[in-house]
Amino acid sequence: MKTGLGLPISDPALLLTWARRADEGPFSSLGLLDRLVYDNPEPLVALAALAGATTRIRVQTEVLLAPNHGNALLAKQAATLDRLTGGRFTLGIGVGGRDDDCLAAGIDPRRRGRRLDEQMAALRRVWAGKPYSDDTGPIGPVPVTPGGPEVLFGGFARSALERVARWGDGFLGAGLPPHAMDGMFRTVERSWQRADRAGRPRLVAQANVALGPETVLTEARENISAYYEFTGRPAYMADGMLTTPEQIRAAITAYEDIGADEVMLYCWAADVDQVDRLAQTAF
């Protein structure tokens, strides 16, 4: 099973250092979250820079709030990243859970799910080299990956899980322990089978982690609490973070046991030495 790293958002200037060090090690992917009304780097811009600083490791949005983006430009940006990386780009997509992001983007929060379905039809059409609409021609560049970059859907609602079979290549489950993730993985697989899709969906689990001295753990707890303040349960999210090698190794094993193809260890503190600590723990 593969193991990737989710990148901290508190200091964008350190992301290149994180990426280069991870590229030298055993990790499979680098993930970066997306918010609009928050103090985080824009993920597509940031991942383009990280892709140029690496040669091996995959880069992915984890997850991009696609309804906040225009269809034509998003299709072009994703295809460009796919070409620039030689196929190392994964487009993780979700609708998000914060109305303020939608309002800042000028979209109706109540329509974000339907908007995402409309977007996926447009993205797949563009990536197949077809005209964008009856009034416009094709939008390039043509992705190096046939049909477009790998698409993983994130979310918790049944509609999000069912989108995997309709439009995606796999599922990215975030922040749930293995026993809860198991049910979501099985739902995705059943939906995939009902849709008569060939093969199987790729299943990715994300666990929130911090590894290091108490200063690192304190920073991570403060950052994850601030990020999840909107849920009304920031302390729950902070308490659920994995902070010891034993906890991280046990979680990786448990996710593997339920069929995960990859586990993303999402980091919430900026200390780049966590890359080496996590490598020693996970491999």
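**Aromatic rings and pockets**

Colleague: Which residues form one aromatic cluster here?
Modeller: Tyr38, Tyr227, Tyr228, Phe230, Tyr266 and Trp268 form one aromatic cluster. This is a predicted model, so local features need pLDDT of at least 70 and side-chain atom pairs count only at pLDDT 80 or more, while totals for chains, interfaces and linings use all residues. Residues are numbered from 1 along each chain as its sequence is written, and side-chain values use heavy atoms, with hydrogens and water left out.

Colleague: OK, how many aromatic pairs does the structure hold?
Modeller: There are 8. Rings of Phe, Tyr and Trp (its six-membered ring) pair if their centres lie within 6.5 Å; under 30 degrees between planes is stacked, over 60 edge-to-face, the rest tilted.

Colleague: Why is Phe27 with Phe283 edge-to-face?
Modeller: Their ring centres are 5.3 Å apart and the planes stand at 80 degrees, so the pair is edge-to-face. This pair links distant parts of the chain, 256 residues apart: Phe27 is in the loop between α1 (15-24) and β2 (29-32), and Phe283 in the segment after α11 (274-282). Helices (H or I, at least four residues) and strands (E, at least two) are DSSP runs numbered from the N terminus.

Colleague: Is Phe27 buried or exposed?
Modeller: Phe27 is buried, at 0% relative accessibility, whereas Phe283 is partly exposed at 46%. Buried means under 20% relative accessible area, exposed over 50%, partly exposed in between (1.4 Å probe, protein chains only).

Colleague: And what about Tyr228 and Trp268?
Modeller: Tyr228 and Trp268 make a tilted pair, 6.1 Å centre to centre with 55 degrees between the planes. Tyr228 sits in the loop between α8 (214-227) and α9 (234-239), and Trp268 in the loop between β9 (262-267) and α11, so the pair ties together parts 40 residues apart in sequence. Tyr228 is buried, with a relative accessible area of 16%, and Trp268 is buried at 5%.

Colleague: Switching to pockets: what volume does the largest pocket have?
Modeller: About 830 Å³. A pocket is an open set of points on a 1 Å grid over the protein atoms alone where a 1.4 Å probe fits, with protein on both sides within 12 Å along at least five of seven lines; lining residues have an atom within 4 Å of a point. Points join across faces, edges and corners, and volume is the space filled by probe spheres set on them.

Colleague: Which residues lie nearest its centre?
Modeller: Of the 36 lining residues of the largest pocket, Arg98, Gly155, Phe156, Ala174 and Tyr228 lie nearest its centre.

Colleague: What about the second largest pocket?
Modeller: The second largest pocket holds about 210 Å³ of space. Its lining includes Pro177, Pro178, Tyr236 and Tyr255.
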